[in-house]
Amino acid sequence: MISDEQIERMSHEVDDMLGDLGVKYGVSVLSLTGIVLARLALFNIHLGNRDDFNKLIHETLLPAVDEKEISLH
């Protein structure tokens, strides 16, 4: 099982990667978000996780966006 420390390190690596991609291609944060979300959705569909991915988005991300409670670690 992945530890909290590993999750935190991975989160920071993802943040760095996203920042690098945004700079490299000169895209806005919103455009980059759309690209990444689309790729994650396709990745999950391809691996047969469509329903679980949709559930994850609807139960965790959407309420947090509506309530402005997202935390970037």
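Modeller: Let us begin with Asn44, which is found in helix H2, helices being DSSP runs of H or I with at least four residues, strands runs of E with at least two, numbered from the N terminus. This is a predicted model, in which local features need pLDDT of at least 70, side-chain atom pairs count only at pLDDT 80 or more, and totals for chains, interfaces and linings use all residues. Residues are numbered from 1 along each chain as its sequence is written, and side-chain values use heavy atoms, with hydrogens and water left out.

Colleague: Is Asn44 buried or exposed?

Modeller: The classes rest on relative accessible area with a 1.4 Å probe and protein chains only: under 20% is buried, over 50% exposed, and partly exposed lies in between. Asn44 has a relative accessible area of 16%, and therefore counts as buried.

Colleague: Which residues does Asn44 touch, not counting those up to four places away in sequence?

Modeller: Contact here means heavy atoms within 4.5 Å. With residues up to four places away in sequence left out, Asn44 touches Asn49, Arg50 and Phe53.

Colleague: Where does Val27 lie, and how does its accessibility class come out?

Modeller: Val27 lies in the loop between helix H1 (4-25) and helix H2 (29-46). Because its relative accessibility is 32%, Val27 counts as partly exposed.

Colleague: How many helices and strands are in the chain?

Modeller: From the N terminus on, the elements run α-α-α. The count for the chain is therefore, by the DSSP runs, three helices and zero strands.
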